[in-house]
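This report describes selected domains, helix packing and contact surfaces of the structure shown below.

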Amino acid sequence: MSAMKVVIIGNGIAGFSAASTLRRLTEQCDITMVARETTPLYSACVLPDYIAGKIPREHAFVKTEKDYKHLRINTLFGCEVTAIDPDARRVTLDNKKQLSFERLILATGSGAMVFGERKKGVFTLKTLQDADAIIQHKGKKAVMIGAGAIGIEISIALHAQGYGVTIVEMMDQILPLGLDQRGADKVRGMLEEKGIKVFNGERAIQVLGGEQVEGVVTDKRELECDTLIWAIGMRPQVELAKQAGISIGEKGGIRVNSHMETSISGIYACGDCVESNDILTGEPYLNLFWHNANRQGAVAAHNCLGGTKDYPGSQNILNVDVFGNHVAGFGFTEETLCRFRDIPALRGSLADLSIIEREQNGGYYRLVVVGDRCMGGQFINITRDVGLLWSTMVQGRSITGLLRMFDNEELMCRRPWLHRVRPFFKTN
Amino acid sequence: MKAGGYAGQILTIDLTKEEIKKEPLDLDMAKKFLGGFGLNCRLAWDLLDPKVDPYSPDNMIFMGMGPMLGTAAAVSSKHSVMSKWPSTGTISPGTAGGDFGINVKLSGYDEVVIKGKAKKPVYIKINDDDVVICDASDLWGKDTYKTTDMLWEKHGRHYAVIAMGTAGERLVNTTICLIDKCTSWGKGGLPAIMGSKNLKALVACGSKGISVADPNRLIERTRMIQQRFIGYPGRQKLLDLGTMDGFASWADIHGMSMNNWTNRFPTEEAYRLYNTDYYLENIKAGRVSDPTCPMGCKDHVKVKKGEYTGTEAWVSSFYGRVVHMAARCQVGSYEKNVKAQEFFQRTGLCIQSYTALIDWAVELYERGILTKKDTGGVELKHDFETTMYLAEQANKHEGLGGILSQGYKKAMQDIGGGCEKYAVQVKGMEPLYDPRINRLSSAEFNQVVNPRGAHAPQGASTLYMSKDADPKGYRDWLEDRGVSPEALKRIFPRPGYFNVARLCSYAEDWVAFTNSVGMGCLRGRVDNFFKGEDWSEAYSAVTGFETSLGELRRASRRIYNLYKALNVRLGYSRKDDVFPERWFESLETTDRGTMVLCDYFGTPLSKEDCEKLLDDYYDERGWDIQTGIPIKKTLMEIDLEDVARDLQKRGYIK
Amino acid sequence: MEEKALVLHPERCTGCHACEMICSLVHDSECNLSLSRIGIMKTNGGGTNENIPVVCQQCHDPICADVCVMGAISRDEETRALVVNEDLCVGCKTCVIACPLGGVLYHYIKGCAMKCDLCSGDSECVKSCLYDAIEFLAMDEWGRKTRLKGAQNLGRIFEVVYK
């Protein structure tokens, strides 16, 4: 039997996970990986640590060239795919060469959104190259547009490098996808304590300066800066897929079924380029995170080879260190849930929404409960047992059922792991 | 110089001034007095005014954690508390396991000294460098279980909690604190002292480490000891029954004294009412162990059927269950036993001490020394109702219960009418072992000479509670623990005999030693798995101070003499080392005939014999035979020159 | 290579901390409950049925390895344990909050994730537990033992109900 030919486009964690899973599953597979970047896999997630000077550049790399050789992955780095021909089962590269495939895995990832001109001193952070550029820039005064997790992490990194930093965020709070107002305000306080200025409910309108950025105008004020960073979100990179006739979803990512297969049979997609079903609601969502990409790549690889692995769904996780404070979250916030009113999974209106919120042992947490299910949690300086709570959320456990069990010693005796979840719900 | 095992700091908390002070631990002092009980003695000698009133703000609580505590050494579980107890007026220790000691060590402290008096109810929180005096107004008035639950709720279950119940708030003397609801601490009235200081509880959680100088050497030694446990043929039985495996010893081979030391609980009834099968089926709900100890001597008990279904308690070994409630109080069933114990534990009443006083009170009532006027119209009997009635009164510090629960010394004064004649106590504390039933071995003898008062089993040696066992075991044990050949000759002068008094001195030293280093346990079923060199190896491995067994034995002798000296300064001497009168009366049993005070081999002992034994004890100790007080030469020999000088200045020694 | 795992029996655990003391001693040369890879969580009085020993179960399909943004958690071929590569780990603690068992912890001195590594195949905690609450079993043997326990329970119920 001849080896199956699989072509993977992209060398992020999704692409690498797919490739290494394929190799783990079978020797009888011809794996070719085409990637725009020239380096082995690195972790985009630790780039802020690199910018801050906490880790050296080499530390950002997760794999070496030897790893690819060891896994017998043919790598075509520094190469772009310009077209996919699904019928002919062929991709065309920018050097005009063509690669045939039996299976294709798209792992084209996402790109950072940006408005306006890319003057000198204007950056986004997505790739190692971006990070190198920011480090070389050596500015003094930075304005950060966007206070999501990435924006916060870069701000802290620049602060570590001696920058004066001002954050401008369109929403009324920072970390709008991970925390509700109260938690966000606490974290904002931590930033302001260190001298990082934060403006909420404000949007950037115009970039000032000639060749070099000199400032930015918001709808409320003018801010001087020699460094401007856009951290306003990532967008799935789907042009190639679109051009090939692959269905794109409402949220802008490639539509896949639970086997990570696209609308065209034999073509799979995984990672940031994909619109996956959220594990809590079952609805398509853009949960663009490392761990989701990692898992999706593995699932795609399994199914590529004829397996039938189901992807359980993607998860939204927040995990940021803010000057020694551990800020974490899972699932939905009260705010984000309010934008999902009609989801069948939530069974009706959000009148059923309740909140459990406590300051406890030097930490803070907030659970968002809809009907009888916990749909999200936010944690500041609480690390212990968060994973257990998260797993009960993912299981979709009934809260009233849990509360009933908490009071029943016989049942609790046989379910010791519930003892660790109990303190989040009960106060006696 | 950094030493392993020692955390390196002494923490002093002044509740009056609301001051927290941390000082480095003097390592030379630590080497001399080892830590734990030994360090408590040293600090009590230096800092505590002998004349202090136990309830005064100037009385201090010394909590000592030995160097082995909180390490991977086998059975490194016990820490020690010392103060001037209000029930007896002696300066003496309490020992406990549980998680509090290790968490204080892990927070970085070898010793905690508490003095002064808070203006309003407080509790102390120890969390690494962060030591805070916290408001306890919502805890005051709550029992031990509730207090502990509330503190766990507030700080997290990973905090160890010492809680005082309602009895201590009312300055009741025969009380104990509970650690994490299950380990008792401070027999003699720690809660009363805490109550007088407005100190309701202590919580601790430590995240620092205890360094070990030679980890591999320690692990090797720990493995050796653990292997002995694992290889023990009776191990499964121990695992299944816990300390209840000793039930036959109490009920049958020896016996539980009853009716205020005038009777012996009939064996057949003991088996009928309190057999182990029933216990395992209907009462035992679980088992708690002290740190790194394989014995798990604290049982979680819960009534599964009948009137008191659902009543639960955590109690140290079965002493509380059977001996005290069953024999002294004669409550009549396991269920009532648990119910009574739960009440004692929640309020903080000391099961060991207070049940003895109840037993005594019933006899006084039977003799007419106490009448219905004293009891509030209630007839006192040996039963559950009387027990609960007097316990309720004790908790409220009211009525007859309130008088009894101040301890023998004060109760004898308050009741008068010749009641002392029937009080079986030494220095104000009740003995546990009846040498007429058990025969006089070292634990029984120690009850007479212990500076604290009769407390069991500070004189435990490996064969305690082993009537008719081959005394060769004693000899082997002493030899293994480093007792000199000359001393052995004095203890075993001829076959078929050993001098229990002389032997006792070495057993006492050993218990003092284990409570100072924080490793080992006086319970025979734990101690029997140890060899003397285990300690010298483990101590050397942990601390990095290469120390021989002989040096450790010397240190233990030093510690015990200091302990004695502390109480000499209070005026105690031979006149207080008294065999209770009742021990010289014959004990008429219903099923074992007549029992009299006799030695290990069954030879009856007269008062003169006992006085001779006391002579031998003081002689072996190197103390003045007339006064029972350490002589200068002895104190100098073990590097207690300053103690000798002080006692000389005060006129206690020449 | 047979798959073995640390099997915990919480109903036997008495909360004596022996496993925690030896684990931290072996891995970090000091005795420290906060540096032990195996942890006892106590509820109520901390007796048997009130202790929850927790240790990494070396999941077949590990979430910790999934979420690790540095790929620092991988399987040791010999022991089959999931081990943390401390050179790669940046201490972000995502694995700590993601593990559904609480089996991955944070080493507050080294600043990286820490978890059970099965002591290179000869687990120290197993040797230290004198209550038989931890066993290192091959999975089929564990299955057999559990089924046996289940059968014994059934037998007891039969006795109670029918006799």
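## Helix packing in chain A

Helix 1 of chain A and helix 8 of chain A are oblique to each other. This assignment holds because their packing angle is about 40 degrees, and angles under 35 degrees would count as roughly parallel. The axes of the two helices lie 7 Å apart, and helix 1 of chain A, which spans residues 13-25, passes helix 8 of chain A in a right-handed crossing. The model is a predicted one.

On the side of helix 1 of chain A, the contact is formed by A:Ile13, A:Ala14, A:Gly15, A:Ser17, A:Ala18, A:Thr21, A:Leu22 and A:Leu25. Their counterparts in helix 8 of chain A include A:Trp290, A:Ala293, A:Asn294, A:Gly297, A:Ala301 and A:Cys304. By residue class, this helix-helix contact comprises 11 nonpolar and seven polar residues, with no charged ones.

## Domains of chain A

## Contact of chain A with chain C

Chain A places 26 residues in contact with 21 residues of chain C. On the chain A side, at least two residues each come from helix 8 (290-304), strand 22 (317-322), strand 23 (325-331), helix 10 (386-394) and helix 13 (416-419). Helix 10 of chain A gives the most, with five residues.

The side of chain A that touches chain C consists of 12 nonpolar, nine polar and five charged residues.

## Domains of chain B

Chain B is assigned domain 1 (9-204), domain 2 (237-348), domain 3 (358-424) and domain 4 (435-649). The C-alpha centres of domain 1 of chain B and domain 2 of chain B are separated by 28 Å. In the contact of these two domains, 27 residues of domain 1 of chain B meet 12 residues of domain 2 of chain B.

Two or more residues of the domain 1 side are given by each of helix 4 (144-155), helix 5 (166-169), strand 10 (177-179) and strand 11 (183-185) of chain B. Helix 5 of chain B gives the most, with three residues. This side of domain 1 of chain B divides into 13 nonpolar, 12 polar and two charged residues.

Definitions and conventions. Residues are numbered from 1 along each chain as its sequence is written. Chains are lettered from A and ligands numbered from 1 in the order in which they are written. This is a predicted model: local features need pLDDT of at least 70, side-chain atom pairs count only at pLDDT 80 or more; totals for chains, interfaces and linings use all residues. Two residues are in contact if their C-beta atoms, placed from the backbone, lie within 7 Å. Helices (H or I, at least four residues) and strands (E, at least two) are DSSP runs, numbered from the N terminus. Ala, Val, Leu, Ile, Met, Phe, Trp, Tyr, Cys and Pro count as nonpolar, Asp, Glu, Lys and Arg as charged, and the others, Gly among them, as polar. Axes are lines fitted to C-alpha atoms, for helices over the stretch in contact, and angles run from 0 to 180 degrees between N-to-C directions. Angles under 35 degrees count as roughly parallel, over 145 as roughly antiparallel, 65 to 115 as roughly perpendicular and the rest as oblique. A crossing is left-handed if the near helix is turned anticlockwise from the far one by less than a right angle, and right-handed if clockwise. Domain bounds come from an automatic or database domain assignment.
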